[in-house]
Amino acid sequence: MQLKLWIVHPNINQYIHTILSTLMYLEKFFSGIGGLHHSFNIACPLGEVVASFDINIIANATYKHNFDKTPVTKGIDFLSVYDIEKYDANCWLMSPPCQPYTRGGKGLDDQDPRAKGLLHLIDILPKLSNHPSYIFLENVLNFEKSKSREKLITQLCKMNYEIHECLLTPLQFGIPNDRLRYYLMARKLQEFNNDEKVITPQKYFEQATIHTSWPFECMLDNKENDKCNHWKQQQSLQLSKFEIPKLSNYVENILDEKELQKYLVPEKYILKSYNFKFDIVRPTDKRCSCFTKSYGSHHIFGSGSLIQTKNLEFTDYNFENPKSLLELGLRYFTPTEIAKLHAFPLKSQLSTNSSSKNENVLNSINNYTPKLYNCFELMQTSNYLEFPDDVSIIQKYRLLGNSLNVFVVSELLRCVLFSNR
């Protein structure tokens, strides 16, 4: 397994008051469907992808289907200084493999072979003639405790980067999906000779704050950052006024019995699960749990929520009697529903009545995401998530389970990484 690398060449962007000459995009194995790419398109809509790197055939086929570009299959840990410098990249977006850090893994951290790509980039960073101005990284909970993170932070401090870290979930952004993730945003500061202003790695680790609320506390008092005005206003409201929409806004009403059978949880999976407390949700609920790459398979323990489609008034579940759960019509979320919860722009959601493709995009995303995207940013979005016809349902689950929330990432890019603070 390895990182994925996407290169973007943006034009001048008046929204971030700077010029991004190129974007280097690195994403994890099995998630090359373009989550970070879509996020970047929304946060910095004038960008253009020059090249992408990945080795997974299905992910590459999906990416090419959506962006009409074929990823390069060279391993990230084999990239030389020349390989990277020829793209003249000044922004890296990374989502390294999570297996070295996840709670269900072996906890090998930087000793895990799947961490090689990230560690290689950390080592090669100071060797570049032109260091990237912006670095973004997404990973799972526990990455913040890892040696890999310690090595990355140490390198960034030595190279004079301003760093922000956080642990956030889409619930905090008004999306009913609890997907807690670690995010790091680093911006290169101008070189200076005043040693008092230099934050050493030791000083950073002593004073570091990993933000767990949105917007960050430091953003609330920052008058110059006008990109997060909505979030500042939202923060001043009482929590009870922050309405998270019901899952019914994301859930499809599957009337076709043949189609429904594709997503019903097999009885044998339920009956063998004595005393296991499934995360059962109803369309009226305002939260569902994180979907993993194992979702939709026989690995139903902790891989994601199941939708109750029958006897919706019944919630007194008896997990000691799995047979009683068979009356609830439990089914998996469909790939389309998960993509909506991850805030991907979907071509299937477009209005056929509109004559404008850009208007279609705007209507599509606004159907199931918070009404926060800037209209200009949305109108510039021209790519959608659509799977090739030969990608199976289980393969879609794997790709989506390893992806990210497009809306959350785009807001972090827009309000933090690319903000003119």
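## N-terminal cap and helix α15

N405 caps the N-terminal end of helix α15 in this predicted model, with a side-chain oxygen 3.1 Å from the backbone nitrogen of F407. A polar contact here is a pair of N or O atoms within 3.5 Å; within protein, one atom must be able to donate a hydrogen and the other to accept it, and residues adjacent in sequence count only if both atoms are side-chain atoms. Helices (H or I, at least four residues) and strands (E, at least two) are DSSP runs, numbered from the N terminus.

Buried means under 20% relative accessible area, exposed means over 50%, and partly exposed lies in between (1.4 Å probe, protein chains only). Among the buried residues of α15 are E411 and R414, together with V406, F407 and L417.

## Basis of the model

Residues are numbered from 1 along each chain as its sequence is written, and side-chain values use heavy atoms, with hydrogens and water left out. Because the model is predicted, local features need pLDDT of at least 70 and side-chain atom pairs count only at pLDDT 80 or more, while totals for chains, interfaces and linings use all residues.

## Chain totals

The chain holds 15 helices and 15 strands. Of its 421 residues, 55% count as buried. The chain exposes about 18,900 Å², of which carbon and sulfur atoms supply 48%; accessible areas come from the Shrake-Rupley method with a 1.4 Å probe, and for residues only the protein chains shown count as cover.

Among contacts in the chain with a separation of 6 or more, 75% are between residues 24 or more positions apart. Contact means heavy atoms within 4.5 Å.

## Strand β6 and its crossover

Strand β6 (residues 91–95) is mostly covered, as five of its five residues are buried. Both faces are covered: C91, L93 and S95 are buried on one side, and W92 and M94 on the other. Four bridges join β6 to strand β7 (residues 134–140), and the two run parallel. Within this pairing, W92 stands opposite I135 of β7. The chain passes from β6 through helix α4 (residues 116–124) to β7, forming a right-handed β-α-β crossover. Right-handed means that, with the strands pointing away from the viewer, the path from the first strand over the helix to the second runs clockwise.

The loop between β6 and α4 contains C98. An unreviewed UniProt entry lists C98 under "active site"; UniProt positions are given in the numbering used here, feature names are shortened, and annotations may be inferred rather than shown by experiment. C98 counts as buried because its relative accessibility is 12%. Not counting residues up to four places away in sequence, C98 touches N139 and V140.

An open sheet of three strands has the order β12-β14-β15, with mixed pairing. The edge strands are β12 (280–281) and β15 (331–332), each pairing on one side only. Two strands pair if DSSP finds at least two bridges between them. Strands β12 and β14 run parallel and are joined by two bridges; I280 has L306 in β14 as its bridge partner.

S305 lies in the loop between β13 (288–289) and β14 (306–307). S305 is buried, with a relative accessible area of 0%. The side chain of S305 makes a polar contact with the side chain of D279 at 2.4 Å, and also reaches the backbone nitrogen of S289 at 2.7 Å. Not counting residues up to four places away in sequence, the residues that S305 touches include V281, C288, F291, Y295 and F333.

## Backbone exceptions

Most residues other than glycine have a negative phi, and most peptide bonds are trans. N160 has a positive phi, near 65°, and is not a glycine. N160 sits in the loop between α5 (147–158) and β8 (161–168) and is buried at 13% relative accessible area. A343, also not a glycine, has a positive phi of about 65°. A343 is in the loop between α11 (335–341) and α12 (357–366), and counts as buried at 1% relative accessibility.

A cis peptide bond joins W214 and P215, with omega about 0°. P215 belongs to the loop between β11 (210–211) and α7 (217–220).
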